[in-house]
Structure formats: structure tokens, C-alpha cells
Amino acid sequence: MWPNSSSPLFLLTGFPGLKRGSHWIPILFFAIYVFVLVGNGTLLYLIKDDRRLHEPMCYFLAMLAGTDIIVTVTTMPTVMRVLWLDLREMSAGACFFQAYLIHSLSIVESGTLLAMAYDRFVAIQTPLRYKTVLTNSRVLKIGLGVTLRGFVSIVPLIVRLSWFPYCRSHVLSHAFCLHQDVMKLACADITFNRIYPVVLVALTFFLDALIIVLSYVLILKTVMGIASGEERAKALHTCVSHVSCVLVFYITVIGLTFIHRFGKHAPPVIRVTMSYVYFLFPPLMNPIIYSIKTRQIRRSVVRLFAGYSRS
């Protein structure tokens, strides 16, 4: 499987040009990872503990927070190992499994944002039927479908990666494994691995984004038909948190895609930085956005810290 190679290992890369004595970058990354885990973990705890948050939108939010935690736990060990200890070697099996989780969870996150858009559409379009349309069993089915779509659709790519011989340089351009990064090192016909991701992105990220936009067009149409200005503002305010998270996620996706597709002559540090922004910025911002913009969660956070201060 590894011709012309005595060691079946990939070599990860941190920041190009980073000096060995530069400790502030690993410390910064560690702090961001801690904030991501604490922020999303707090959201999960609040949604589980507070019965007032046991509603469809919060269940989807819990799914989003759980996805962000798993992505963080998936990338954190190798990133910190490379940046802090300069330990770059990674076995092929571990690399393929990490790539599988990263790409699967990205599709799951996109699908979760789509499910949350559907939740807002139902809540505003047919508010009286909201709880009968989005029952607990239907929310569970939607969550299961979103998860299966992500984890099943990536399987063909990762299986083919495990079949390829790797006789070129085994140096990757990031501190974690990505399909497009590993694929370029294969000494085999990678036509399928080039075409399938394009189709997959079109049927997941692009289609999800398109449906989200269409749903908000319909939501705006419904809101503009409300006579009371106060009621219009109240209806739109319930969508602010979700729209903010959608923008954070898809802007980073688009930025990373453009850098990889059209930024071949860009400095390596820019491509690496964009990949870190993609994996860290949305998980960092999502709990902040929902804690500030969603009244029920903001109140739960206040009650949580008030309870700790009293004890």
C-alpha cells in the first residue's frame, strides 16, 4: 500500500515559518479550544437541564453544539501536538478516520442549519400548528436523517483513500487530515475523488444554502404581511440568531473554498489560516450568538451563574 516508503506515516504541518520558540500561537489555540468546549458544553447542559428549553429549536441547537464539540475534539489533539510539541507523525488509519469525521461533521452542521431554518419557517408561517408539525418524534427523525446523510455520504471517499498507494511525499499542509490534502499524495487515478466531492458539495452545502435562502424569502414575505410593526419586529428577532450562525458558517466555507480553488499562488500561511478559521470560528461564535440574541437561553445562562454565585 505504501510503495517506496519504509514508514506508513503522514507528516502534519502547523503554521509555515513558525519559529520553535513562538509559544503564543499554541497558547492562543488552546484558549480558543477551551472556550469552544466550555461554550458549547454549557449550551448542551442548559438545554438538557432547563425544561423551558425543551423545544424543537433548542433540540436542533443542541445538535449544532454537539457537532461543534466533536469537531473540536477531533482536531484539537493533532493541532496542539503539532504546534506545541512539534510531533508531526500520524498513522494512515488515524489520518483517514480524522478526515472522515471532519468532512462528515461539516455536512451534519450544514444539515442542522437547514433543519433550524425549517423550524423558523414553521414557527412563523404556521405558528398555531408549530408543536403539532415539529413533534419530538419528527425532530428526532430529522436529526437522524441529517446525521446519516453526513456520515454515509463521505464513506466512498475515505474508502478509496485507504485503497490508494502513496509513493510521493507524505507531508500534509495542515495540522489535521483533509480528504483533498491526502488525495493529492496518492499515486493512483484520483478522478473519482475529484468529481464526487464536487457533486457532494452541490447536493449538500450548496443545496442547503439555497433552501435556507428560499425559506427566509418566504419568511420575509409572511412577516411583511403582518399589520403590526411591533409583531413584525418580534417575528424577525426570533430569526436573528439563526441567520447569524448561517452567515458565520457559510462565509467561512466560501472563503476556504475560494482559497483552495483560486488561491494557488497565495502564501501557504493564508491557506492554513483560513482552514483554522473555518474549523474554529463557527464553533466559537455559535454559543456566543445564541447566548446574546436568544432570550430564553440568555435567561438560562443568567440563572445558571446566579445559582453558582449563591452556592
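These legends go with a set of close-up views of the structure above.

The model is predicted, so local features need pLDDT of at least 70 and side-chain atom pairs count only at pLDDT 80 or more, while totals for chains, interfaces and linings use all residues. Residues are numbered from 1 along each chain as its sequence is written, and side-chain values use heavy atoms, with hydrogens and water left out.

**View 1. The buried side of helix H6 (residues 155–163).** Helices (H or I, at least four residues) and strands (E, at least two) are DSSP runs, numbered from the N terminus. Look here for Leu157, Ile158 and Leu161, the buried residues of H6; buried means under 20% relative accessible area, exposed over 50%, and partly exposed in between (1.4 Å probe, protein chains only). They sit on the same side of H6 because they cover an arc of only 90 degrees around its axis, the arc being that of the directions from the helix axis to the C-beta atoms. Their cover includes helix H3 (92–125), helix H7 (179–183) and helix H8 (191–224).

**View 2. Helix H3 against helix H6.** Two packed helices are described by the angle between their axes and the distance between the axes. For H3 and H6 the angle is about 165 degrees and the axes are 10 Å apart. Axes are lines fitted to C-alpha atoms, for helices over the stretch in contact, and angles run from 0 to 180 degrees between N-to-C directions. The two helices are therefore roughly antiparallel (angles under 35 degrees count as roughly parallel, over 145 as roughly antiparallel, 65 to 115 as roughly perpendicular and the rest as oblique). H3 passes H6 in a right-handed crossing; a crossing is left-handed if the near helix is turned anticlockwise from the far one by less than a right angle, and right-handed if clockwise. Phe96, Ala99 and Tyr100 of H3 meet Val155, Ile158, Leu161 and Ser162 of H6, where contact means heavy atoms within 4.5 Å.

**View 3. Helix H3 against helix H5 (residues 136–153).** Here the packing angle is about 150 degrees, with the axes 8 Å apart, and H3 and H5 are therefore roughly antiparallel. The crossing is again a right-handed one. Residues making the contact include Ser104, Ile107 and Ser110 of H3 and Val146, Arg149 and Gly150 of H5.

**View 4. Thr204 in helix H8.** Thr204 is buried, with a relative accessible area of 3%. Not counting residues up to four places away in sequence, Thr204 touches Ile107, Ser110 and Arg149.

**View 5. Tyr278 in helix H10.** With a relative accessible area of 10%, Tyr278 is buried. Leaving aside neighbours within four places in sequence, its contacts are Ser106, Phe205, Phe249, Thr252, Val253 and Leu256. Tyr278 and Phe249 are 29 residues apart in sequence and 7.7 Å apart in space, C-alpha to C-alpha.

**View 6. Helix H2 with helix H10 (residues 268–293).** These helices pack at an angle of about 145 degrees, with their axes 10 Å apart, and their crossing is left-handed. Among the residues in contact are Leu61, Leu64 and Asp68 of H2, along with Tyr276, Phe279 and Pro282 of H10.

**View 7. Asp86 in the loop between helix H2 (56–85) and strand S2 (89–91).** Although Asp86 is not a glycine, its phi is positive, at about 60 degrees. Asp86 is partly exposed, with a relative accessible area of 42%.
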